[in-house]
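Me: I am new to this structure and would like a short tour. Could we begin with the packing and then turn to the strands?

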Amino acid sequence: MEAETLAFLSGHPQGFSTEGVCLRHPASGQRLLLTAQTFRFRVRQHVRHAAGGRVSRWDLRRRLLGLGSARVLCLGQLLTSGDYAYAAKGLSPELLTRLLLATADVLAGPTCGYRAVVIKDLGPPGAPEGLLLQDSGFLSLPADPVMHLDLTPFATPEDYLDRLSSKYRVRYRRARGKLGELVRRRLSPEEVGHYLPRLYALYLETSRGADVNVVHLQPDYFGWLGRSGQLHAYFTPDAELVGFTSGLPNGPVYQAHFLGLEEAYKYSHHLYHNMLYDLLEDAIRSGYDRLDYGRTALEIKSSVGAEPRYYDSWLRIHPQWLNPFVPAFLSAVFTPPAWEARNPFKGR
């Protein structure tokens, strides 16, 4: 919600438009900050047929949904996951919910052309705000958890290795050995500009594998990442760029952000696994308390020590008489995949 970030996203849409919303109460000084992002949802464009692994391409629900599109207002952050839906102090759950409902009614009223409102990552399951939204006709959306790794036990990467069980220490060393001749280094903003076509091509190659993706980053976003975040690239001995990771410092949290890699290197060099380890070691060496790996690839992220945190997102359709039919269609859009949590640490 920093002004610089909002200004960039407002001027450079990434598959959606962005605005900041600030509600103030003059007498008390209380305020509520929200990010309002608008996109047009199209099932055929934004959801893979394999999403959740249970939906046939001949499913009648999927075919009906694929006939049209819907303009959606999202109160929350489409480019990150976790407890970033709003910023406020001293607001009770009841008052926060009333303000969210009022904001949604004003911004996405019947004459504004929206078919749906999403309040993204509002809080953990069972939070009072979510229960109150449910009473107001909102429906909970299925979503993967966000994978977080507590870094406070580790002063150095060696501390992390010492905490691994022998089985996972062997896996770590095997993955590191597979990296072979690939060299990783941080790119300067000027280098990001030089390699931008290749970085963008790798992002597109990787993003095509996402089950649900309403974000369509433009090349200029990676230029912004090179200035505002940290972007590391992987090179072959012939100086061919075959992968990259990005990270955003956020107070005590280091947020793993978008990445891209050439699919063949994912297996031959265990490149994705090595990316997870490299982000982890970057975060430890820089003194962060927590590493936010985001959503997706849940099992492999748990194998390096990340644990799931669940956040509820909420949906309301316009006109409201359609809302009772939404649950029957949600599983045709996305079903969270089954996965097994791993524990790489000794004595846990």
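**Packing and strands**

Me: Which residues does Leu-187 touch, leaving aside those up to four places away in sequence?
Reply: In this predicted model, Leu-187 touches Val-192, Tyr-195, Leu-199, Leu-231, Ala-233 and Phe-235.

Me: Which members of the largest nonpolar core touch the most other members?
Reply: That core has 36 residues, and those with the most contacts to other members are Leu-79, Leu-187, Leu-199, Val-215, Leu-217 and Tyr-221.

Me: How many residues are in the second core?
Reply: The second core is separate and has 34 residues, including Phe-154, Leu-261, Tyr-272 and Tyr-277.

Me: Now the strands. Is strand 10 mostly covered or uncovered?
Reply: Strand 10, residues 241–250, is mostly covered, with eight of its 10 residues buried.

Me: How many bridges does strand 10 make with strand 9?
Reply: Six bridges pair strand 10 with strand 9 (residues 230–235) in the antiparallel sense. Leu-231 stands opposite Ser-246 there. The two strands form a hairpin with five residues between them, and Ala-239 in the turn has a positive phi of about 70°.

Me: What about strand 11, and which residue is the bridge partner of Asn-250?
Reply: Strand 11 (residues 253–256) runs antiparallel to strand 10 and is joined to it by four bridges. The partner of Asn-250 is Val-253. This hairpin has two residues between its strands, and Gly-251 takes a positive phi near 65°.

Me: And where is the bridge partner of Gly-243?
Reply: Its partner, Leu-261, lies in strand 12. Strand 12, residues 260–261, pairs with strand 10 in the antiparallel sense over two bridges.

Terms used. Residues numbered from 1 in each chain as written. Predicted model: local features only at pLDDT ≥ 70, side-chain atom pairs only at ≥ 80, totals over all residues. Heavy atoms only, no water. Core = buried A, V, L, I, M, F, W, Y, C linked by side-chain atoms within 4.5 Å. Buried < 20%, exposed > 50% of the residue type's maximum accessible area, 1.4 Å probe, protein only. Contact = heavy atoms within 4.5 Å. Pairing = 2+ DSSP bridges.
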